[in-house]
Amino acid sequence: MIKLIIKVLFLSILALQARAELVIEITKGKQSAIPMAVVPFKWKGLKALPENVAQIVANDLGRSGYFNSLPKSEMLSLPNTEEEVFYRDWELLKQDYLVVGEIKQDSRGGYIINFKLIDVNTRTALMNQKLTGGASSLRDIAHFMSDRIFAALTGLPGAFSTKLVYVTTNRERTKFNLSYADADGAREQNIFSSKQPIISPSWSYDGKKIAYASFENGRSEIFIQEIASGKREKIASFKGSNSAPAFSPDGTKMAMVLSRNGNPDVYVMDLATRQLNRITKHYGIDTEPQWMPGGQSLIFTSSRVGKPQIYQVSLADKKPKRITFEGDYNARARITPDGRKMVMVHRNNGRFHIATQNMKTGVLQILTSETQLDESPSVAPNGSMVVYAASVGDRSILAAVSLDGEVKFRLPSKYGDVREPAWSPLLK
Amino acid sequence: MQKSALVKTLGLTFGAVLMTACASNSDIAEGDELKPLNAAQEAAQEEAADVETQAVEAQAVAGEQIDAAANEAQAALMDVSVFYFDFDNTTIKADSKNSLIAHSQYLAANSSARVVLEGHADERGTVEYNLALAERRALSVSRFLQANGAASSQIETVSFGEERPALMGHNDDSWSQNRRVEIKYQSR
């Protein structure tokens with residue numbers, strides 16, 4: 001709970017202007033989604049609450065694809081405590097689970113939320129918790145509650161308290177922002193702005209830093225920015241392009257692509273000594289390095305057979321091994337946290353979509369179809385969803401799809417083009 | 001500027017010489033009929049020697065004129081400063097080569113001239129792959145310029161990947177205009 005307060009403090013340190021927020025549209029839900037209802041919470045305060053906590057929780061759970069949240073308009077009664085629950089109402093509505101609770105204000109202006117997760121079929125409370133947070137932290141408390149409920153019912157950690165960074169740009173491409181927002185697109189802030197392109201934001205595994213490539217000095221150079229302080233440091237500005245940064249899982253190294261020797265190749269930099277270890281040496285394109293869990297090997301995109309395919313290379317022997325064989329364009333692979341699946345951009349019949357490949361069996365599955373020119377996939381830290389950039393109409397928007405392709409939603413922005421999303425790790 | 005002025009001056013000078021040569025030629029023609037064979041031959045030889053001398057100059061004039069014409073042609077070719085590529089391809093197209101050769105020759109003749117080659121890609125495919133692809137397009141043009149006389153010290157390459165499209169459309173027309181290398185002179 002103290003962590004929530006810390007998080008709020010750290011958010012207010014980011015004294016940055018708010019922007020037009022992303023608005024979520026769920027485009028496809030899961031057939032097997034569990035029906036549940038989050039009943040509006042009791043609040044006796046004189047002023048209306050700044051956030052609708054029950055609605056945020058209902059949206060979080062609904063968007064995960066694992067649950068179907070019952071709209072308030074369809075509820076037959078609005079209980080706030082277990083005693084007030086009239087089970088026949090919920091059985092009639094075929095709801096499996098119910099969340100009820102109340103919100104109170106504490107003496108310092110903060111909030112206390114007591115809630116219960118109830119199993120309608122067994123008529124028992126599965127969870128009875130009290131959450132507290134500062135005056136401006138209602139949204140954080142709501143996401144935290146969603147995480148708890150999601151974990152209790154699915155066995156997976158919830159990823160609702162996580163963040164996204166992405167690049168927004170106007171139509172004329174004269175202004176670029178590195179934006180930072182909740183995983184549902186709310187509370188968007190710009191953490192860096194430039195008249196020159198910004199690409200490839202990526203998180204450190206502790207969630208405290210973002211690395212990205214910025215063209216502010218006329219060509220791409222790699223910067224690390226501390227989220228809480230906004231402090232930036234340029235770490236690679238060799239001759240040619242410096243790009244595609246990826247923090248190692250232990251945070252001591254960074255994989256990157258440098259063209260200092262003419263051709264783009266993958267390097268690993270020791271962040272303490274700034275020493276470079278060249279990993280690939282080929283006349284083709286080698287780019288988009290990503291660490292495998294454990295940090296002993298990398299996957300990357302290479303055009304060494306003519307068209308881009310994914311390769312894996314161990315840092316020890318530096319001998320790349322091809323791992324994609326289906327299709328003539330596989331690029332920008334990301335690994336799920338358990339290391340079992342790879343998510344990448346795959347071209348099929350001339351169209352670019354997001355696909356997964358099972359690392360063990362090599363079986364490929366295309367996840368997206370409604371959007372076009374899909375690129376920049378980034379996996380949620382609990383491995384449930386992939387956020388990516390796509391073209392819809394003449395706009396570039398963010399969209400998300402579950403790893404099984406069953407759940408899809410979009411986060412269209414009201415402003416310009418949104419590109420290059422990167423999903424944060426689980427934030428502690 | 002200096003060079004073209006010089007060419008003009010030379011052109012005028014040799015133009016005058018050429019007119020003199022023409023006058024001599026008509027003298028020979030006339031003399032040919034009037035003079036006896038031997039004398040005519042002698043004269044012809046003399047005149048031929050004269051003509052020969054002048055002819056060398058005349059050829060030099062022609063040579064300069066060709067250069068002047070070539071300069072204009074080179075200027076026209078150098079007006080082309082954007083070169084296009086096929087999808088996921090870094091090969092210089094045949095119709096780009098004459099213009100690129102003109103740029104190479106200009107760089108070779110003007111050692112203080114400097115260019116930046118900006119590589120670009122269309123929006124299809126991934127951001128980083130396109131950054132690398134666009135860089136390789138710029139490097140491909142750089143190698144071509146060097147093979148045709150430019151010095152590596154005169155050339156810088158920079159890649160903007162898919163970040164700076166020339167046209168904003170999401171269609172083949174825009175894409176074909178966006179897959180490009182732009183030659184930008186930093187100094188002439």
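**Talking through the model**

Mentor: Leu373(A) sits in strand β27 of chain A, where helices (H or I, at least four residues) and strands (E, at least two) are DSSP runs, numbered from the N terminus. This is a predicted model, in which local features need pLDDT of at least 70 and side-chain atom pairs count only at pLDDT 80 or more, while totals for chains, interfaces and linings use all residues. Residues are numbered from 1 along each chain as its sequence is written, and chains are lettered from A and ligands numbered from 1 in the order in which they are written.

Trainee: OK, and what is the phi of Leu373(A) near?
Mentor: The phi of Leu373(A) is near 50 degrees, which is a positive value in a residue other than glycine. Most residues other than glycine have a negative phi.

Trainee: How many C-beta neighbours does Leu373(A) have inside 10 Å?
Mentor: Leu373(A) has 18 of them inside 10 Å and therefore counts as partly exposed. A residue is buried if 20 or more other C-beta atoms lie within 10 Å of its own, exposed if 12 or fewer, and partly exposed in between, with C-beta atoms placed from the backbone.

Trainee: What about Asn349(A), then: exposed or buried?
Mentor: Asn349(A) is exposed, because 6 other C-beta atoms lie within 10 Å. Asn349(A) is in the loop between β24 (341-348) and β25 (351-358) of chain A, and although Asn349(A) is not a glycine, its phi is positive, at about 50 degrees.

Trainee: Switching topic, how many residues of chain A are in contact with chain B?
Mentor: 32 residues of chain A are in contact with 21 residues of chain B, where contact means that the C-beta atoms of two residues, placed from the backbone, lie within 7 Å.

Trainee: And which element gives the largest share of the chain A side?
Mentor: That is β27(A), which gives three residues, the largest share of the side of chain A that touches chain B. The residues on that side divide into twelve nonpolar, eleven polar and nine charged; Ala, Val, Leu, Ile, Met, Phe, Trp, Tyr, Cys and Pro count as nonpolar, Asp, Glu, Lys and Arg as charged, and the others, Gly among them, as polar.

Trainee: What does chain B look like, read along the sequence?
Mentor: Chain B follows the pattern α-α-β-α-β-α-β-α-β, with five helices and four strands, and of its 188 residues, 29% count as buried.

Trainee: Which residues of α3(B) are buried?
Mentor: They are Leu100(B), Ala102(B), His103(B), Tyr106(B) and Leu107(B). These cover an arc of only 155 degrees around the axis, so they lie on the same side of α3(B); the arc is that of the directions from the helix axis to the C-beta atoms.

Trainee: Last one, where is Glu172(A)?
Mentor: Glu172(A) is in the loop between β8 (163-169) and β9 (176-182) of chain A, and Glu172(A) is exposed, because 8 other C-beta atoms lie within 10 Å. Glu172(A) and Val99(A) are 73 residues apart along the chain, and their C-alpha atoms are separated by 47 Å.
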